Amino acid sequence: MSLKAVLFDFNGVIINDESIHQQLIEDILLGENLRPSASDYWEDCLGRSDRACLKVLLEKRGRVVSDDDLTRLISRKADAYRRQLESLSELPIYPGVEDLIYKIRVAQLPMGVVSGALRQEVELVLDRANLLQYFPVIVAGDDIKVSKPEPDGYLLAVERLNQQFPELNAKSSDCLAIEDTPAGIEAAKRAGMQVVGVANTYPFHMLQRQADWTVDYLHQLELERVQEVYAQVVG
């Protein structure tokens with residue numbers, strides 16, 4: 001068995017934009033004449049798609065909405081997110097992201113993104129950060145019907161990796177996921193992957209209980225060591 005691909009979460013791993021998302025979600029609730037709560041955001045939204053997040057937050061406040069209504073609210077938030085990023089002179093890409101991408105490229109491992117964010121948001125950030133070319137596989141929130149901690153996004157990413165690289169013949173167990181939330185780690189684990197937890201959003205000790213490897217910063221990930229561990233496992 002060998003490590004064949006690396007799959008990144010997006011918000012909280014590549015870009016430090018959770019505060020932006022929290023503000024935009026709160027703006028949506030206020031626009032619906034509902035009271036936002038920071039604790040609710042952390043409990044119900046981190047690591048999950050906008051659709052899953054908003055559905056729970058609205059239901060908690062006694063508001064049942066249709067899929068069309070949710071789509072309208074998500075579209076409004078996406079427009080606001082784009083405008084917010086356009087107003088920034090520099091994107092808040094996490095330190096260590098480019099360094100790790102370089103290491104993975106040197107190792108000739110394909111990369112992908114598995115995120116609950118909308119595809120247009122993922123591609124907007126990656127393109128502006130000059131990173132889009134390194135991620136031939138992107139599974140976004142609009143590609144799947146369920147959110148993390150369900151494993152569907154990661155399973156679809158493996159399918160797309162094998163379509164993009166037929167010679168890869170990858171299984172879930174051949175892929176490494178990089179996540180920053182318990183919901184994301186659970187999703188990757190349920191898909192059958194080993195996981196790196198990066199302590200960008202939750203404390204190190206909390207992720208350490210769930211992930212196979214835990215780092216404070218992405219540049220601390222020793223890719224060669226990870227590859228050695230994969231090589232020692234009999235698939």
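Val6 stands opposite Leu176 in β4. Val6 also stands opposite Met111, a residue of β2. This is a predicted model. β1 therefore has two partners to describe, and the bridges found by DSSP define them. With β4, β1 pairs in the parallel sense, over four bridges. With β2, β1 also pairs in the parallel sense, here over three bridges.

The strand itself covers residues 5-8.

## Helix α6

Helix α6 spans residues 119-128. Which of its residues are buried? They are Glu121, Val122, Val125 and Leu126. Viewed down the axis of α6, these buried residues fall within an arc of 120 degrees, so they line one face of the helix. An α-helix has 3.6 residues a turn, so residues three or four places apart point the same way.

Just after α6 comes Asn130, with a positive phi of about 60 degrees.

## Helix α8

Helix α8 runs over residues 182-190. Its buried residues are Ala183, Gly184, Ile185, Ala187 and Ala188. What covers them includes the helices α7 (152-164) and α9 (204-208). The cover also includes the strands β4 (175-179) and β5 (194-198). β4 is also a parallel partner of β1.

Just after α8, the backbone takes a positive phi at Gly192. The value there is about 95 degrees.

## Cavities

How many cavities of 30 Å³ or more does a search of the whole structure find? The search finds three. The largest share, three residues, comes from α1. By class, the lining has five nonpolar, seven polar and eight charged residues.

The second largest cavity has a volume of about 50 Å³. Its lining includes Ser49, Val114, Ser115 and Gly116. Gly141, Ile144, Val146, Ser147, Lys148 and Gly153 also line this cavity. By class, three of the lining residues are nonpolar, six are polar and one is charged.

The largest pocket holds about 410 Å³ of space. Of its 23 lining residues, the closest to the centre are Ser49, Arg51, Ile74, Gly141 and Ile144. The elements that give two or more residues to the lining are α3 and α4. Eight of the lining residues are nonpolar, seven polar and eight charged. Ser49, Gly141 and Ile144 line the second largest cavity as well.

About 150 Å³ of space lies in the second largest pocket. Glu90, Leu91, Ile93, Tyr94 and Gly96 are among its lining residues. The lining also includes Val97, Glu98, Arg128 and Ala129. By class, this lining divides into five nonpolar, one polar and three charged residues.

## Glu98

Glu98 belongs to helix α5, residues 97-106. Is Glu98 buried or exposed? Glu98 is exposed, with a relative accessible area of 52%. The cut-off for exposed is over 50%. Glu98 also lines the second largest pocket.

Which residues does Glu98 contact, leaving aside its neighbours within four places in sequence? The contacts are with Ala129 and Leu131. Ala129 is itself in the lining of the second largest pocket. Glu98 and Leu218 are 120 residues apart in sequence. In space, the two are 9.2 Å apart, C-alpha to C-alpha.

Methods:
Residues numbered from 1 in each chain as written. Predicted model: local features only at pLDDT ≥ 70, side-chain atom pairs only at ≥ 80, totals over all residues. Heavy atoms only, no water. Buried < 20%, exposed > 50% of the residue type's maximum accessible area, 1.4 Å probe, protein only. Arc of directions from axis to C-beta. 1 Å grid on protein atoms, 1.4 Å probe; cavity = no way out; pocket = protein on both sides within 12 Å on 5 of 7 lines; lining within 4 Å. Points joined across faces, edges and corners; volume = space filled by probe spheres on them. Nonpolar A, V, L, I, M, F, W, Y, C, P; charged D, E, K, R; others polar. Contact = heavy atoms within 4.5 Å. Pairing = 2+ DSSP bridges.
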